[in-house]
Each structure stands twice: as C-alpha cells, then as structure tokens.
Amino acid sequence: IKLEDVTGVVLYGNEFSPPAQKIMKMLKFYGVAFKLVKSRHPTSDYKKIPVLELNGRQVNDSHIIVKNLAGVLTGAPLTPVQLEWERRITFEFQPSIEVELFSNGDDFAKVAGFDDWRKPLLGLAGPVLGLLIGQVFRSRYGDFPVPSKWGKQFLEACDGKPFFHGDKPGVVDLSLFGTYASIASKDCQCTNSFLQGSGLQAWHKRMVDATTSK
C-alpha cells in the first residue's frame, strides 16, 4: 500500500495510552487522516489497545503496527537497526517510563486528571504501585534500564545527528517521542528526569517543533 492509497484509517485506543500515542504521532506527522475511537475494538478477539484499521485490514499491537506502517508512511521498511530500536522502545523504554510514572503519585494524578481526594491517596500508593507494576513488566519483558540510562544509549545512537534518522525525524524518532509525549505535556517529574538525565532535551525540543508544525 502506498501512502496516497491509504483509506478508512481508524485507531482504537485513547489519548494517554503510550502505544496509542506513538501511532497517532506517526499518522499526524505523515498527514494521514484517521478517526480515534476511545475504546477497545468492539468486535475483535484482541482485547488490548491500540488496534489499527486501514484499507479494510486490522493490525494489532503497537510494535507490529509500526513494523507494517513504516513502509506505507515512508516508502521503505525499517532497516534491521531501526527495527531493533523500535523493539527496544516498545519492550524496554515504554515499560521503564510507565514504572516511573506509576511510582510517582503526583505524576500519576496529573496524567489521570485527578485533582481531588484521590491525589494524596495516589501519593501514598505510588511507590507500592510502581513496584508491583515493575515486577509484572519484568516478568513479561525481562529486565530493562531506567529511562535516563536508556535515553543516553538512544542519544549515542543518534551519533550527533539532529534526529535518529538524520536531518529530519523518522519513524524511530516518532515512536520514542510519541511514547512519552502525552506524559511530558503534563509536566511530569518522570519525563523531566528522563530528558535531563539522558541529555535528550535538545532532541526533545526539536521533536516538539517538528510535530507541532504538522
């Protein structure tokens, strides 16, 4: 499928789901019109989000969606190196930043939109919640570095270029940025610490500028 032939794009997810967010960032960046349905797919046996429909085809799981979507959006499939970084974003960075988010009750309250009696309760429950979620994610994905350490490795992989893909952002840049952008928009400590500790502030600013103009 070529980009100009894409039709009937529907994304099932929500605006604060990191995997759904990264798909939204890609679709918007490459000018693909889509409908966001804030729920699971109503008729599919697959009960997680995101799910993407395009041209009458259903694709499940953000990692598989990106693998299939990259060639459509850019005209070329991801290279083995790019695909490995996309895998690392999905199975290392995403669980790592989510553990940090759930461990910080104030951050969790900001993202959830809680500004009432639930906020102090989340402050108390956050460390335990983060520990439990971390154990679940590590049993599922194996061990993963903390976000700042992971980010330093990504910055090194950029090799001095403005973006991972070169002078312009590409699928890998959008995947990483989209994974945490909705959290960062709430001025959360977990994303501030990630960017400061990794040295990715300048890259982040360039990503904000590049995606805001779209």
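**Cysteines**

By the rule applied here, under which a disulfide is a pair of cysteine sulfur atoms within 2.5 Å, the count comes to zero disulfides. Select C188 to begin: C188 is in no disulfide, and the nearest cysteine sulfur, that of C190, lies 5.0 Å away. Seen from C190, the closest cysteine sulfur is that of C188, and because the separation is 5.0 Å, it is too far for a bond. C188 has 0% relative accessibility and so counts as buried (buried means under 20% relative accessible area, exposed over 50%, partly exposed in between, with a 1.4 Å probe and protein chains only). C190 also counts as buried, at 8% relative accessibility.

The model is predicted: local features need pLDDT of at least 70, side-chain atom pairs count only at pLDDT 80 or more, and totals for chains, interfaces and linings use all residues. Residues are numbered from 1 along each chain as its sequence is written, and side-chain values use heavy atoms, with hydrogens and water left out.

**The sheet**

Next, display the strands. Helices (H or I, at least four residues) and strands (E, at least two) are DSSP runs, numbered from the N terminus. Four strands form an open sheet with mixed pairing, in the order β2-β1-β3-β4; two strands pair if DSSP finds at least two bridges between them. At the edges are β2 (35-37) and β4 (57-60), each of which pairs on one side only. Direction ignored, neighbouring strands of this sheet are turned by 20 degrees against each other on average. Axes for such angles are lines fitted to C-alpha atoms, for helices over the stretch in contact, and angles run from 0 to 180 degrees between N-to-C directions.

The sheet can be followed strand by strand:

- Select β1 (residues 10-12) with β2: the two pair in the parallel sense over three bridges, and L11 stands opposite L36 in β2.
- Move to β1 and β3, which run antiparallel and are joined by three bridges; here V10 stands opposite E53 in β3.
- Continue to β3 and β4, an antiparallel pair with four bridges, in which L54 stands opposite R57 in β4.
- Stop at N55, in the hairpin of β3 and β4: two residues lie between the strands, and N55 takes a positive phi near 50 degrees.

Contact here means heavy atoms within 4.5 Å.

**The nonpolar cores**

A nonpolar core is a set of buried Ala, Val, Leu, Ile, Met, Phe, Trp, Tyr and Cys residues joined through side-chain atoms within 4.5 Å. Which residues of the largest core touch the most other members? In this set of 43 residues they are L52, L69, F154, L176, Y180 and W203. At least two residues of this core come from each of α1 (18-29), β3, α2, α3 (80-103), α6 (147-158), α7, α8 (189-198) and α9 (201-212). The most come from α7, which gives seven residues.

Centre the view on Y180. Leaving out residues up to four places away in sequence, Y180 touches F93, T191, F194, L195, W203 and H204. A second, separate core has eight residues, including F108, A109, L122 and F144.

**Buried polar side chains**

Select T179, located in helix α7 (residues 171-184). T179 has 0% relative accessibility and therefore counts as buried. A polar atom of its side chain lies 2.6 Å from the backbone oxygen of S175. Apart from residues up to four places away in sequence, T179 touches P18, K22, I89, F93 and Q94.

Then go to Q21 in helix α1. Q21 counts as buried because its relative accessibility is 10%. With residues up to four places away in sequence not counted, Q21 touches E15, G178 and S182.

The last stop is E98, in helix α3. Is E98 buried or exposed? E98 is buried, with a relative accessible area of 12%. Beyond its neighbours within four places in sequence, E98 is in contact with P18 and F137. P18 is also among the residues that T179 touches. To end, draw a distance from E98 to A112: their C-alpha atoms are separated by 13 Å, and the two residues are 14 residues apart along the chain.

Technical notes. Polar contact = N/O pair within 3.5 Å; in protein donor to acceptor, adjacent residues only side chain to side chain.
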